[in-house]
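Dear colleague,

Please find below the structure that I am handing over to you. My notes on what was found in it follow directly after.

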Amino acid sequence: MESIVLSYLKAFLVGGCICTLAQLLINYTKITAGKILVCFMLGGVVLQAFGIYEYLVDFAGSGATVPISGFGYLLANGAIKGAREGLLGALTGGLKSASAGITAATIFSFLNALIFKPKSKIN
Amino acid sequence: MNKKIMSNEQYLKLVSDITPKTNEKRSLLSSFLVGGFICSIGQFIRYFFMLVFKMHGDELASATSVVLIFLGILLTGLGVYDRIGKRAGGGSIVPITGFANSVASPAMEFASEGFVYGLAAKMFVVAGPIIVYGVSASAIVGLIYYFFGL
């Protein structure tokens, strides 16, 4: 029971810190949100390429996989696993392991656009 | 008439004094809390899949992402997510729900311009770069591991 509470706490802290880092960049630099997302994702790829990010995933669970850097981790991890199977696997492994997220985002967004109309901008 | 004439430096100082501070500390706090909260929900879903469906590893992360993406898009459709985003900034952009929001939002916005050039073409206007550079970087990582056998 204690370990479950602790794991929520770790997920909260690590996830919160990654988001705060992004907010720091938004506040104190001129980098736009879109570029920050790309940078964080690439950060996840690079850290996992060196085998570092998986320690964070073991430590924080969803706190590490839910932020966009976790998407990069998933891509890099898939490519590394694919590379063990051959050249084609090395190229396709990344997208293969990220396919669930991209497919979900595409299909749900399509249905969403059919069902809902955009709300007028709330100010 | 007692008009004050200011130098450029004085004027710039005045501007920076008058410009409302964008509550930098508060935005940091709210992005920490919102980001942490979304990740905690992710942790809950993670436990659910782990205990009920006996998933593990990357499969577990993918399944969790799919549920969060669904929730993020539903909240986008209902117009709730943008309201959260106004206050939370990084806390709502960085989690995978923000990625989902960035896909669903333009698709919904441009649906009126047609199914092909509106909805579908605009869907990845923000998320596209993430996929382009993510897939490219992962291919590079894969090739390095393949050729150098790390």
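The crossing of helix 6 of chain A and helix 3 of chain B is right-handed, a crossing being left-handed if the near helix is turned anticlockwise from the far one by less than a right angle, and right-handed if clockwise. Helices (H or I, at least four residues) and strands (E, at least two) are DSSP runs, numbered from the N terminus.

As to conventions, this is a predicted model, in which local features need pLDDT of at least 70 and side-chain atom pairs count only at pLDDT 80 or more, while totals for chains, interfaces and linings use all residues. Residues are numbered from 1 along each chain as its sequence is written, and chains are lettered from A and ligands numbered from 1 in the order in which they are written.

The helix pair

The axes of helix 6 (residues 87-115) of chain A and helix 3 (residues 57-77) of chain B come within 9 Å and cross at roughly 20 degrees. Axes here are lines fitted to C-alpha atoms, for helices over the stretch in contact, with angles running from 0 to 180 degrees between N-to-C directions. Helix 6 of chain A is therefore roughly parallel to helix 3 of chain B (angles under 35 degrees count as roughly parallel, over 145 as roughly antiparallel, 65 to 115 as roughly perpendicular and the rest as oblique).

The whole interface

The contact between the chains takes 65 residues from chain A and 61 residues from chain B. On the side of chain A that touches chain B, helix 6 of chain A gives the most, with 18 residues. That side divides into 42 nonpolar, 22 polar and one charged.

The individual chains

Chain A has six helices and zero strands. Of its 123 residues, 52% count as buried (20 or more other C-beta atoms within 10 Å of the residue's own; exposed if 12 or fewer, partly exposed in between, with C-beta atoms placed from the backbone). In chain B, 13 of the 14 residues of helix 6 are buried.

Yours sincerely

How values were computed:
Contact = placed C-beta atoms within 7 Å. Nonpolar A, V, L, I, M, F, W, Y, C, P; charged D, E, K, R; others polar.
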